[in-house]
Amino acid sequence: MDKQILCINNLSVSFGEGKDKVIAVDDVSFAFENGRILGIIGESGCGKSTLALSIMGLLPDKISNIENGEILFNGNDLSKFTEKQFEYIRGNEISMIFQEPMTSLNPVFKIGRQIAEPLKIHKSLYGRALKEKVIEILRAVHIPNPEKVYNSYPHNLSGGMRQRVMIAMALSCEPEILIADEPTTALDVTIQAQILFLLKELNNKVKTSILFITHDLSVVAEVCDEVMVLYGGKVVEQCNVYELFDNAKHPYTLGLLDSQPHRCESGKPLKSIEGIVPSLSDMPSGCRFSNRCSKKFCIKCESDIPPLFNIRDNHKVACWLYEEGKDFD
Ligand SMILES: Nc1ncnc2c1ncn2[C@@H]1O[C@H](COP(=O)(O)OP(=O)(O)OP(=O)(O)O)[C@@H](O)[C@H]1O
Ligand SMILES: [Mg+2]
């Protein structure tokens, strides 16, 4: 087995205080092996970005809190890190790319300067060696005419090029982990395909481990090795990508798979999971999915939170249908 680079144990993250407190990431555990691509999927509001931001130490300060658990990165617990300690690893050992590159690129600085910044801080590169490294990185993410782009401002570039620049920035220090939070949602399909190809290529060549957040299952099929499905802040299913598409078990995962456009018969309306995700302050007390679940079968579904049951090697499901000893297949 490859080395575990990131190991999250029983992580819970809250927003707000007192009676307004909600748990956005609820008792999440997973281990992430070196060089893999792990997809994190689930509908809007299920806690994907909150999980990513807690790993990066970027949770909004006063309103959020790590309530419990640990985030072990190469054995160090990031949940206990100070801002100063994070400054060393952020952009250096762990980086992140966001959905909308304009929010992370500074509009008043040229691209070259922005990519150079982390290299100056973390790799002590200066002058000509620094510029050469930046051009090399721009080339590695297949940016045509890198010398010209080096001297351009973000607004001179197309959306796809800006996203490449973001990836270049995130990868400049050759991080061990790249967190990509919906990196292609704002792009059109051909550009999306190019960016996904680029991320896979970097994963292959440089062995960067990637946490890939998306709600698009076709993207998961394209790039991920393993998948974790979140619902209402909890992990409901975890397996490898083949199991996901051939043998998914959780009624929520099955609903997500059924809602994919290509699974729909032509001429018929697109299927969707009935109902909407309840707000965090109003979650059912048993299984979080119980009020939308067509397979609800016992009182326990509404009263007790199902733990993750191992249904086979590397496949876990949090559904009472799969409680040990039961066989509802
Ligand atoms: N700054 C915040 N203040 C209060 N609540 C927040 C804040 N950020 C997120 N939340 C709450 O935490 C929950 C998880 O949000 P999060 O952004 O992690 O979801 P997500 O899965 O990334 O959704 P999306 O697919 O829309 O990006 C949501 O219910 C959201 O309302
Ligand atoms: Mg998000």
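Student: In strand 8, which residue is the bridge partner of Asp181?

Tutor: Ile213 is the partner of Asp181. This is a predicted model, so local features need pLDDT of at least 70, side-chain atom pairs count only at pLDDT 80 or more, and totals for chains, interfaces and linings use all residues. Residues are numbered from 1 along each chain as its sequence is written, chains are lettered from A and ligands numbered from 1 in the order in which they are written, and side-chain values use heavy atoms, with hydrogens and water left out.

Student: Which way do strand 7 and strand 8 run, and over how many bridges?

Tutor: Parallel, with 5 bridges joining strand 7 (residues 177-181) to strand 8. Strands are DSSP runs of E with at least two residues, helices are runs of H or I with at least four, and both are numbered from the N terminus. Two strands pair if DSSP finds at least two bridges between them.

Student: And strand 3 with strand 8, in what sense do they pair?

Tutor: Strand 3 (residues 37-41) pairs with strand 8 in the parallel sense, over 4 bridges. Ile37 has Ile210 of strand 8 as its bridge partner.

Student: How many residues of strand 8 are buried?

Tutor: 5 of the 5, residues 209-213, so strand 8 is largely enclosed by the rest of the structure. Buried means under 20% relative accessible area, exposed over 50%, and partly exposed in between, with a 1.4 Å probe and protein chains only. Both faces are covered. Ser209, Leu211 and Ile213 are on one side, Ile210 and Phe212 on the other.

Student: Switching to helix 8. What is its reach?

Tutor: Helix 8 (residues 189-206) has 18 residues and reaches 25 Å from first C-alpha to last. That is close to the expected 26 Å. The expected span is 1.5 Å times one less than the number of residues.

Student: Which of its residues are buried?

Tutor: In helix 8, Gln192, Ile195, Leu196, Leu198, Leu199, Glu201, Leu202 and Asn203 are buried. Lys207 follows the helix, with a positive phi near 65 degrees.

Student: What about the second largest pocket, which residues lie nearest its centre?

Tutor: Arg90, Gly91, Ser104, Pro118 and Met169, out of 19 lining residues. The volume of the second largest pocket is about 550 Å³. Helix 4 gives the most to its lining, with 6 residues.

Student: Which domains does that lining draw on?

Tutor: Domain 1 (4-93 + 173-322) and domain 2 (103-172), with at least three residues from each. The bounds come from an automatic or database domain assignment.

Student: Last one. How many cavities of 30 Å³ or more are there?

Tutor: The structure holds 1. The largest cavity has a volume of about 90 Å³. Of its 14 lining residues, Cys287, Cys293, Cys301, Cys319 and Trp320 are the closest to the centre.

Notes. On a 1 Å grid over the protein atoms alone, a cavity is a set of points where a 1.4 Å probe fits but cannot get out, and a pocket is an open set with protein on both sides within 12 Å along at least five of seven lines; lining residues have an atom within 4 Å of a point. Grid points are joined across faces, edges and corners, and a volume is the space filled by probe spheres set on the points.
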